[in-house]
Amino acid sequence: MRSGGLFSFGASFDKIINPSRPGCEIAYGGDVSYIAHLKCRQCGRTYKIEPIAACEECWAPLEVVYDYDRIRAEVPRQTVESRPPTMWRYRELLPLANAPWVGRSTGFTPLLPAPRLASALGAREVYLKNDAVNYPTLSFKDRVVAVALSKAREFGFETVGCSSTGNLANSVAAQAAAGGFKTFIFVPADLEPEKLINTRIYGATLVKVRGNYDQVNRLCSEVSQKYAWGMVNVNLRSYYSEGSKTFGYEIAEQLGWRVPQNIVVPMAGGSLITKINKAFGELQKLGWIELAATKFFGAQATGCSPITTAARNGTYEITPQKPNTLVKSLAIGNPADGFYAAKMILESGGTGDDVSDAEVVEGIRLLAETEGLFAETAGGVTVAVARKLIRLGRLNPKESIVLAITGNGLKTVGAVSGELKEAEVIRPRLAEFEELYLNVPAAAGAWPATSLTDPISRARAL
Amino acid sequence: MPITIHIPPPLRKYTNGADAVETTAGNLNELFGELDQKFPGIKKVLCTEDGTPLRFLNIYVNDEDIRFLGGAQYNFQDGDEVLLIPAIAGGVSQRASQPPGDGNR
């Protein structure tokens, strides 16, 4: 065991030294894989571990099943706690047979108490799970990509790719560069420029498609049917989506091995919210937490709300929509996991709701001004939906609430730049400063002079 | 002129390996029926007994999801290209072809 290294997981694991990546000694080897098989979520048919994602009988998604009895017997919670603060501290519950090939520092992002936001929302106990600072590309997608590309390596793929609304593109491009893969990334042509640049900079081949995400995804599916590439959210989806579970494990551990009473999660394809639920359930199954009884609340933008519309109507069946919203990262009109997301939300006792683009911007600003956290548009959706649900009496403000912040505001600056008042330019003279800036409300430049100045009061008044 | 149905790899075990099939079906229900007549057994992996497409199978006509065209009510036009795409594609990696010059697998 290399002492003091980044991956000093513990003496019970064999050391792997990968000759092609000098310096990357990773204690992760030996008999540490607890993967049992893949299982169809609908008909229950099982498959061996291969790069497949859909059942050949009913087309439903395949789920990774683990040997939980062995994990319970062999991995005490204290072992997890002793490991470095990355998503890989939960590695027995992830579908890799070997050490992660990429994303070795990903995860374990902060869970932040948010008292000022709580006050603005009229809630007692609010936390922010902040994947806006995830590594390496500032979104929760870094988790799923770390798993998917590491699995791609195990399967022997040399070319990888994805269809994406932006954050996934960024993460695949970055981690594929680090992992030495050839990369094709398919995106709608009208994505935010920040997300396009944050993909191209890593040298990936960016394929801009005239169409919405659902059309891009269809093309990507056709590509994956023809070429033996590892498409992270297509033929590697069963493994990729497992990475989202670490978002849930971390919340539970950071709360002292308990789950929140409520969680609000933004939804695009619907996978993340179902995987957080799976994570909490696994922790209960392993005896690492007492009871997983969280109510799940799904959040979408009104301009693309197929899952929340279904949940609000009390059904699991998804009617596809044509997206029309500035929240491009959630603009999936035909969500692959929508059925399971709606089902799980309703079974948990939660619900779903959506907010207008204007409310999304308010949500971004409220979060920034109360907690100093600049989230991308999906974060604005989460905050605004939480506020709406509390006001409607559907989310209990006296219970603990976690808000899932899944991406960084620096990637969607265009959504808010037009909302912020330009600062006046003055000469370097004290009198001008005092005249222009001290005679206006304290948060000068952030608010029109006619608004309430305190963001908490303002939020309550809206 | 007939319409063309593109068959995804997991279904080609029913079509003797054919990746495209031509039919003169007028609508979705007829399409399922004609396919099952030509390739017995295929219908059960396309739709339920009442002809509703399976939940996780997406059907496109040219570039559009058939649900935006009226679903089962849509009347196929001459030359339409019908794509059957699993909502979550996959399961073909061992059988997929390689692009020229690509060194994969």
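Where does A:P136 lie in chain A? A:P136 sits in the loop between β7 (125-130) and α4 (141-155). Most residues other than glycine have a negative phi, and most peptide bonds are trans. The model described here is predicted.

## The two chains

Chain A has 17 helices and 15 strands. Of its 462 residues, 55% are buried. Take the contacts in chain A with a separation of 6 or more: 67% of them join residues 24 or more positions apart.

Chain B holds one helix and five strands. Along the sequence they follow the pattern β-β-α-β-β-β. Chain B has 105 residues, and buried ones make up 31% of them. Of the chain B contacts with a separation of 6 or more, 48% come from residues 24 or more positions apart.

## Strands in chain A

Three strands of chain A form an open sheet in the order β4-β3-β5, with antiparallel pairing. Its edge strands are β4 (46-47) and β5 (62-66), each of which pairs on one side only. Strand β3 (residues 35-40) is joined to β4(A) by two bridges, and the two run antiparallel. Within this pairing, A:K39 stands opposite A:T46.

Strand β13 (residues 295-301) of chain A and β14(A) run parallel, joined by four bridges. Here A:G298 stands opposite A:G352 of β14(A).

In a regular strand the side chains alternate between the two faces of the sheet. Which residues of strand β14 (residues 352-355) of chain A are on each side? A:G352 and A:D354 are on one side, A:D353 and A:V355 on the other. All four are buried, and both faces of the strand are covered.

## A buried proline in a loop

A:P61 is found in the loop between β4 and β5 of chain A. Is A:P61 buried or exposed? A:P61 counts as buried, because 25 C-beta neighbours lie inside 10 Å, and the cut-off for buried is 20 or more.

Set aside the neighbours within four places in sequence. A:P61 is then in contact with A:R41, A:A53, A:A54, A:R237 and A:D337, and also with B:I88 of chain B. A:L219 is 158 residues away from A:P61 along the chain, and the C-alpha atoms of the two are separated by 19 Å.

The table sets out the packing of each pair.

| Helix pair | Angle | Axis distance |
|---|---|---|
| α5 (residues 167-179) and α6 (residues 193-200) of chain A | about 15 degrees | 8 Å |
| α9(A) and α10 (residues 271-285) of chain A | roughly 50 degrees | within 7 Å |

Start with α5(A) and α6(A). At about 15 degrees, they are roughly parallel. α5(A) passes α6(A) in a left-handed crossing. On the α5(A) side, A:A169, A:N170 and A:A173 take part; they meet A:K195, A:N198 and A:T199 in α6(A). By class, this contact has two nonpolar, three polar and one charged residues.

Next come α9(A) and α10(A). Why do they count as oblique to each other? Their axes cross at roughly 50 degrees, and angles under 35 degrees count as roughly parallel while 65 to 115 count as roughly perpendicular, so this pair is oblique. The crossing of α9(A) past α10(A) is right-handed. A:K245, A:F247, A:G248, A:Y249 and A:A252 in α9(A) meet residues of α10(A), among them A:L272, A:I276 and A:F280.

## Positive phi in two loops

Two loop residues stand out by backbone angle. A:W257 is not a glycine, yet its phi is positive, about 60 degrees. A:W257 lies in the loop between α9 (245-254) and β12 (262-266) of chain A. A:W257 is partly exposed, with 14 other C-beta atoms within 10 Å.

The other is B:N62, also not a glycine, whose positive phi is near 55 degrees. B:N62 is placed in the loop between β3 (57-61) and β4 (64-65) of chain B. Is B:N62 buried or exposed? B:N62 counts as exposed, because 12 C-beta neighbours lie inside 10 Å, and exposed means 12 or fewer.

Terms used
Residues numbered from 1 in each chain as written. Chains lettered and ligands numbered in written order. Predicted model: local features only at pLDDT ≥ 70, side-chain atom pairs only at ≥ 80, totals over all residues. Pairing = 2+ DSSP bridges. Contact = placed C-beta atoms within 7 Å. Axes fitted to C-alpha atoms, helices over the stretch in contact; angles between N-to-C directions. Parallel < 35°, antiparallel > 145°, perpendicular 65-115°, else oblique. Left-handed = near helix turned anticlockwise from the far one by under 90°. Nonpolar A, V, L, I, M, F, W, Y, C, P; charged D, E, K, R; others polar.
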